[in-house]
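Welcome! Try each task before reading its solution.

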Amino acid sequence: MRIAILTKHTLAHGLGGVQVHAEGLAHGLVARGHEVVVLTTALPRGLDVVRQDGVEFHFLSNTRSNVYSRSWWEHSVLAFERLHRVRPFDLVLSEDLAGSGLIRRLPEIPHLPFLQGLALEHVVSEVRQIEGVKGTLKYFAIKIPELFYYALIHERPLIRRARMLGLVSRRAIGLIQRWYRVPEGAVRLLPNWVDVDLFRPDAARRSEVRSALGIPLDAFVFLMASVLTKQKGVQVGLEAFARCLPAHPHLVLLVVGEGPYRPTLDQKVRALGLDQTVRFVGSVPNAEAAGYYQASDVFLFPTLRVEGIPFVVLEAMASALPVIASRIGG
């Protein structure tokens with residue numbers, strides 16, 4: 001089959017759950033003999049078409065990197081139509097709302113969206129992040145209308161018109177059937193996955209990574225891994241770690257990932273006096289991330305966001321790490 005995958009970002013844009021899902025899906029389908037073309041948003045470094053391990057990636061230059069926007073929904077449809085005229089596609093797969101424009105324009109083409117969660121769930125995510133009067137006003141004046149826009153203008157038509165929906169948890173299936181009255185036969189539980197050959201306990205790799213970071217073998221290491229945004233709650237993990245440190249001076253905290261909230265987190269580390277015990281590793285390729293799990297003893301996931309089934313939690317479990325996570329979402 002010739003398959004198109006629509007996603008607003010890939011691992012070329014940075015590390016994250018949807019990115020891992022999209023690339024794993026693409027490469028897995030190629031390994032099973034399918035032809036796969038990925039349509040995604042522009043990259044800052046201006047790449048256009050890239051072929052990697054049998055997958056053809058199209059980075060659409062007229063779109064904003066990593067962002068759902070009018071330009072994405074317009075130009076993703078135009079790019080698909082151009083490619084479809086040359087060689088027709090048999091199936092479209094899309095990540096979350098990335099296929100909303102296409103399914104409205106070409107509803108006759110079989111289309112399977114993968115939904116990690118639902119737009120209206122983020123009402124809860126956003127309310128957990130409100131700070132002060134200004135934050136409250138922004139929440140009601142901007143965030144609530146924005147979430148209802150995505151839910152009604154993009155999510156609802158996508159769900160109503162898709163031939164089949166793939167959801168990552170039974171909880172998400174229950175929500176979508178209750179909110180959108182989707183027939184039971186139109187929904188499939190398609191759980192997220194993890195590469196257990198890559199993410200696994202490895203004593204040799206543990207010693208190697210600790211040595212490279214200058215961490216003693218007898219230290220007790222906590223790990224957080226995520227895009228560094230406020231909603232991922234790394235600041236909550238830092239506060240919890242600071243409480244533990246006086247009674248357990250041999251603790252170390254590793255933070256894998258990068259993002260716009262990093263400067264604020266740096267300030268928090270200094271304010272809490274954690275300069276010598278917290279290590280920001282930065283963004284690393286997904287394959288390299290496995291070594292940081294192997295070098296650690298406990299995984300922290302203090303998210304403020306309503307999550308589906310986070311890949312980082314699955315990766316930590318596959319690496320035999322105990323997980324301390326927020327009781328939110330899936």
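**Exercise 1.** With which residue does arginine 210 form a salt bridge, and how far apart are the closest N and O atoms?

*Solution.* Keep in mind that this is a predicted model.
- Step 1: Arginine 210 forms a salt bridge with aspartate 297, and the closest N and O atoms are 2.9 Å apart.
- Step 2: Arginine 210 sits in helix α7, while aspartate 297 lies in the loop between α10 (286-294) and β12 (298-301), so the pair links distant parts of the chain, 87 residues apart.
- Step 3: Judge the burial. Buried means under 20% relative accessible area. Arginine 210, at 1%, therefore counts as buried, and aspartate 297, at 18%, counts as buried too.

**Exercise 2.** Find the salt bridge between glutamate 208 and arginine 205, then work out how the two residues are placed in helix α7.

*Solution.* 
- Step 1: The closest N and O atoms of glutamate 208 and arginine 205 are 2.8 Å apart.
- Step 2: Both belong to helix α7 (residues 203-213); because they are three residues apart there, about one helical turn separates them.
- Step 3: Glutamate 208 has a relative accessible area of 48% and is partly exposed. Arginine 205 is partly exposed as well, at 26%.

**Exercise 3.** In what order do the eight strands of the open sheet lie, and which strands stand at the edges?

*Solution.* 
- Step 1: Read across the sheet: β3-β4-β2-β1-β5-β6-β7-β8, with mixed pairing.
- Step 2: Check the ends. β3 (49-52) and β8 (187-189) each have a single partner strand, so one side of each is left without a neighbour in the sheet.

**Exercise 4.** Describe how β1 and β2 are connected, starting from their pairing and ending with side chains.

*Solution.* 
- Step 1: β1 (residues 2-6) and β2 (residues 35-41) pair in the parallel sense over five bridges.
- Step 2: Arginine 2 has glutamate 35 in β2 as its bridge partner.
- Step 3: The two residues also form a salt bridge, with the closest N and O atoms 2.6 Å apart.
- Step 4: Arginine 2 is buried, with a relative accessible area of 8%, whereas glutamate 35 is partly exposed at 29%.
- Step 5: Widen the view: salt bridges that share partners join Arg2, Glu35 and Arg87 into one network.

Terms used:
Residues are numbered from 1 along each chain as its sequence is written. This is a predicted model: local features need pLDDT of at least 70, side-chain atom pairs count only at pLDDT 80 or more; totals for chains, interfaces and linings use all residues. Side-chain values use heavy atoms; hydrogens and water are left out. Two strands pair if DSSP finds at least two bridges between them. Helices (H or I, at least four residues) and strands (E, at least two) are DSSP runs, numbered from the N terminus. A salt bridge is a side-chain nitrogen of Lys or Arg within 4 Å of a carboxyl oxygen of Asp or Glu. Buried means under 20% relative accessible area, exposed over 50%, partly exposed in between (1.4 Å probe, protein chains only).
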